[in-house]
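The sequence and the model are shown first, and the description follows.

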Amino acid sequence: MAAKIEKIVEKVVAQVLESHMAAARQDLVHRVLAEIQPYLGGGGEAPTGGSATDLLAAVTAIQLGTTQREILRSLLDTMGKYSGRSALFVVKGGAATGWQGRGFSNNDGIKDLQLDTHDGMVARSLQSRSVITGTSSEMGKGFVSQLGSPANDQVIVLPLLLKDKIAALVYADGGADNLLDSAALEVLVLSTSAWLEVASLRKVSQRDSDGSASDQPEAAPAAPAAPAFNDPFASHAPKHVAPPAAVSQPAAMAESSSSAAASAPATDPFAGMSPEDADLHRKAQRFARLLVDEIKLYNQVKVSEGRKNKDLYDRLKEDIEKSRGTYQKRYGNTAASSAEYFINEVVRSLAEDDVSIMGANFRR
């Protein structure tokens, strides 16, 4: 009976999250309208790449993507109206490697390219987590020699943030026609980042509602639950570039050992539990992440302001307490209650592991 009720609750949660997709889409459009408000109603100059209507159409095209990869491809496709050339570089392990490009004489050449993350515009964008403009020479010699410079030599690098981390760098320049609308490009990248999180949350909620994991007997301790965010570049690797040489054998061995240890089953926090208890704890942890992800998704401005002013709880009190109650009704009287997954996730995800950001009125 309990298992049946649990499945019903999971299904309802998934349906609620699904119903919020329309609201999320509308919220993104409103944010884009706010960004381009100076160009509406005849005030100011029109963006160089097209009208405000064109920009809204570009954002809508990005939102039509149903998978993360479709969304990213749409971003590069729509950037063609606002830049001569564009490319996306995946940021992983301190490296930035090419994923796809548009407008270059050899778009596949992007997949062979690795940016210098320690100098120039790329390093400044990674360090400041902000949009950087400059000249093509600041992209590194390898970049210019392989892809050439745009006609006016002006380029822009935009960080694509996913779950508060830079997952990729988006590059754009004017190409041969000097077409480079920095403001429109920034709106497109911001919209893409937000919509990727929506798509990820939707995927996780659908996966949980299937209840497939609980239907299968466990032959061995399961791996830790997957993170709420699905990395769209999980399988990415440069097409032709050889892996960088290790600076020293001991260092390479240490890094390899560290990586192996990080992924070893021994790190499973539920390894010492019975299969039934481990499954309960994983579900409680996953449910807490879903609830907090939903709070974060629909209150991005409040989250940003609350972190800055260290009064996050006061700004999100109603949402936090409502979700806390939902979590307690489901797991408050179970063996997972002592782990406090919900409130720990609030501190981890909303306050970035700094409880002082929640403010003086916050209670665990």
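## Salt bridges

Arginine 124 and glutamate 138 are joined by a salt bridge in which the closest N and O atoms are 3.2 Å apart. This pair links distant parts of the chain, since arginine 124 belongs to helix α5 (residues 120–128), while glutamate 138 sits in the loop between β4 (132–135) and α6 (141–147), 14 residues apart. The model is a predicted one, and the distances given here should be read with that in mind. Arginine 124, with a relative accessibility of 35%, counts as partly exposed, and glutamate 138, with a relative accessible area of 27%, is partly exposed as well.

In total the structure holds 10 salt bridges. Another of them is formed by aspartate 311 with arginine 315, where the closest N and O atoms are 2.8 Å apart. Aspartate 311 and arginine 315 also take part, together with Glu305, in a network of salt bridges.

Are the two partners buried or partly exposed? Glutamate 321 is partly exposed because its relative accessible area is 22%, whereas arginine 324, at 10% relative accessibility, counts as buried.

| Salt bridge | Closest N and O atoms |
|---|---|
| Arginine 124 and glutamate 138 | 3.2 Å |
| Aspartate 311 and arginine 315 | 2.8 Å |

## Helices α12 and α13

Arginine 324 also belongs to the contact between two helices, in which Leu312, Leu316, Ile320, Ser323, Arg324 and Tyr327 of α12 meet Tyr341, Phe342, Ile343, Val346 and Leu350 of α13. By type, the residues of this contact divide into 9 nonpolar, 1 polar and 1 charged. Helix α12 covers residues 312–331 and helix α13 covers residues 341–350, and the two pack at an angle of about 145 degrees with their axes 11 Å apart. The crossing in which α12 passes α13 is right-handed.

The loop between α12 and α13 is the place of glutamate 340, a residue that has a positive phi of about 55 degrees although it is not a glycine. Glutamate 340 is partly exposed, with a relative accessible area of 39%.

Aspartate 353, found in the segment after α13, likewise is not a glycine and yet has a positive phi, of about 65 degrees. Its relative accessible area is 59%, and aspartate 353 is therefore exposed. Aspartate 354 is also in the segment after α13, but aspartate 354 is partly exposed, with a relative accessible area of 30%. Although aspartate 354 and lysine 310 are 44 residues apart along the chain, their C-alpha atoms are separated by 9.7 Å.

In soluble globular proteins, nonpolar side chains tend to be buried together. Here the largest nonpolar core has 33 residues, and those with the most contacts inside it are Met79, Leu88, Leu160, Val170 and Leu188. Helices and strands both contribute, the elements that give two or more residues being α3 (52–63), α4 (68–78), β1 (85–92), β5 (154–162), β6 (165–173), α7 (182–210) and α10 (275–297). Which element gives the largest share of this core? That share, 10 residues, comes from α7.

For leucine 188, once its neighbours within four places in sequence are left aside, the residues in contact are Leu55, Ala58, Val59, Ile62, Leu75, Thr78, Met79 and Tyr82. Apart from this core lies another, of 26 residues, which includes Phe287, Val292, Leu312 and Phe342. Two of these residues, Leu312 and Phe342, are also among those that meet where α12 contacts α13.

## A loop between strands

Lysine 111 has its place in the loop between β2 (95–102) and β3 (114–115). With a relative accessible area of 27%, lysine 111 is partly exposed. The C-alpha atoms of lysine 111 and threonine 97 are separated by 7.1 Å, and the two residues are 14 residues apart along the chain.

Definitions and conventions:
Residues are numbered from 1 along each chain as its sequence is written. This is a predicted model: local features need pLDDT of at least 70, side-chain atom pairs count only at pLDDT 80 or more; totals for chains, interfaces and linings use all residues. Side-chain values use heavy atoms; hydrogens and water are left out. Axes are lines fitted to C-alpha atoms, for helices over the stretch in contact, and angles run from 0 to 180 degrees between N-to-C directions. Helices (H or I, at least four residues) and strands (E, at least two) are DSSP runs, numbered from the N terminus. A crossing is left-handed if the near helix is turned anticlockwise from the far one by less than a right angle, and right-handed if clockwise. Contact means heavy atoms within 4.5 Å. Ala, Val, Leu, Ile, Met, Phe, Trp, Tyr, Cys and Pro count as nonpolar, Asp, Glu, Lys and Arg as charged, and the others, Gly among them, as polar. A nonpolar core is a set of buried Ala, Val, Leu, Ile, Met, Phe, Trp, Tyr and Cys residues joined through side-chain atoms within 4.5 Å. Buried means under 20% relative accessible area, exposed over 50%, partly exposed in between (1.4 Å probe, protein chains only). A salt bridge is a side-chain nitrogen of Lys or Arg within 4 Å of a carboxyl oxygen of Asp or Glu.
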